[in-house]
Amino acid sequence: MYKIAVFVSGRGSNLKAILNSQNSLLSGVEVAAVVSNKPDCPALELARGHGITTLVVNSNKHESGRVTYFELISLFEKKGVDLIVLAGFLKKIPDEFVTAYENRVINIHPALLPSFGGRGMYGMNVHRAVFEKSVQISGATVHFVNTVYDDGIIIAQRATDVSEVESPEDVAAKVLEVEHELLPYVIKKFSEDKVVVKNNRGYILD
Ligand code: GRF
């Protein structure tokens with residue numbers, strides 16, 4: 001089994017898309033843990049409902065009931081976690097953690113990077129900015145996480161036509177549909193060892 005840990009902070013619809021693919025596309029993938037910075041977020045509830053190990057992470061200070069990023073590294077090693085998937089995780093991951101998992105931490109961003117990315121560009125902020133700029137195409141990007149917000153090598157992007165939307169909420173809904181297809185697809189490719197980085201570019205092999 002290829003093992004992933006999914007990091008979440010909110011509603012968890014991307015986590016749900018992953019879990020819903022487990023009898024089909026992602027049958028060879030196990031969600032070994034779900035990690036959040038928010039102990040009561042719906043995504044964590046969803047994971048608990050599926051009997052998945054849940055963990056609450058707390059910067060680098062020890063607090064009861066929470067783990068530090070440092071502790072996560074050894075926990076993941078014990079569990080044999082292959083890939084870390086940020087699916088709506090709103091905290092910046094410490095550099096040491098990213099370095100320990102070089103090219104094994106990915107994030108889904110709800111726009112076509114490098115547009116509409118960077119600090120403060122998350123959730124509805126992204127879709128509002130897309131709407132206000134009257135952008136006609138938006139989409140989702142899956143990229144490696146490095147030490148700078150939304151800056152890592154792009155692995156896959158999928159576009160969606162937003163030329164006829166009437167609100168930022170409409171943009172969000174169209175992009176979310178694309179996200180729910182793209183993220184499981186990319187995870188599947190990782191599990192088959194078909195994601196490669198060459199000359200500073202990400203490639204997905206057939
Ligand atoms: C998604 O739009 C994701 O791209 C972004 O945060 C949102 C999380 O949604 N990073 P959900 O919690 O997966 O429903």
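Helices (H or I, at least four residues) and strands (E, at least two) are DSSP runs, numbered from the N terminus. With that in hand, let's start the tour.

One note before you click: this is a predicted model, in which local features need pLDDT of at least 70 and side-chain atom pairs count only at pLDDT 80 or more, while totals for chains, interfaces and linings use all residues. Residues are numbered from 1 along each chain as its sequence is written, and side-chain values use heavy atoms, with hydrogens and water left out.

**Stop 1: Arg48**

Select Arg48, which you will find in helix α2. Is Arg48 buried or exposed, or something in between? Arg48 is partly exposed, because its relative accessible area is 37%. (Buried means under 20% relative accessible area, exposed over 50%, and partly exposed in between, using a 1.4 Å probe and protein chains only.)

Now show what surrounds it. Not counting residues up to four places away in sequence, Arg48 touches Pro39 and Thr54. Contact here means heavy atoms within 4.5 Å.

**Stop 2**

Next, colour the strands. In what order do the strands form the open sheet? The 7 strands follow the order β3-β2-β1-β4-β5-β6-β7, with mixed pairing. The edge strands are β3 (54–56) and β7, each of which pairs on one side only. Two strands pair if DSSP finds at least two bridges between them. From one strand to the next, the twist averages 20 degrees. As background, strands of a sheet pair through backbone hydrogen bonds, either parallel or antiparallel.

Keep the sheet on screen and bring back the helices. Helix α2 (residues 42–49) lies across β1 (2–8), β2 (29–36) and β3, and runs at about 150 degrees to β3. Helix α3 (residues 69–79) lies across β1, β2, β3 and β4 (83–86), and runs at about 155 degrees to β1. For such angles, axes are lines fitted to C-alpha atoms, for helices over the stretch in contact, and angles run from 0 to 180 degrees between N-to-C directions.

**Stop 3: Ala32**

Select Ala32 in strand β2. Ala32 is buried, with a relative accessible area of 6%. Which residues does Ala32 touch, not counting residues up to four places away in sequence? They are Lys3, Ile4, Ile52, Thr53, Lys79 and Val81.

**Stop 4: strand β6**

Move along to strand β6 (residues 137–144). Of its 8 residues, 7 are buried, so β6 is largely enclosed by the rest of the structure. On one side, 4 bridges join strand β5 (residues 105–109) to β6, and the two run antiparallel. β6 is also joined to strand β7 (residues 154–161) by 7 bridges, again antiparallel.

Select His143 to see both partners. Asn107 stands opposite His143, and in β7 the bridge partner of His143 is Ile154. Then try Ser138, whose bridge partner in β7 is Thr160.

**Stop 5**

Select Ser13 in helix α1 (residues 13–20). Ser13 counts as buried, at 16% relative accessibility. Leaving aside neighbours within four places in sequence, Ser13 is in contact with Leu176 and His180.

α1 and α6 pack at an angle of about 50 degrees, with their axes 9 Å apart. They are therefore oblique to each other. (Angles under 35 degrees count as roughly parallel, over 145 as roughly antiparallel, 65 to 115 as roughly perpendicular and the rest as oblique.) The contact is made by Ser13, Asn14, Ala17 and Ile18 of α1, and by Leu176, Glu179, His180, Leu183, Pro184 and Ile187 of α6.

**Stop 6: α5 against α6**

Finish with helix α5 (residues 124–132) and helix α6 (residues 168–191), which pack at an angle of about 115 degrees with their axes 8 Å apart. That makes α5 roughly perpendicular to α6. Where they meet, select Met124, His127, Arg128, Val130 and Phe131 in α5, together with Pro168, Glu169, Val171, Ala172 and Val175 in α6.
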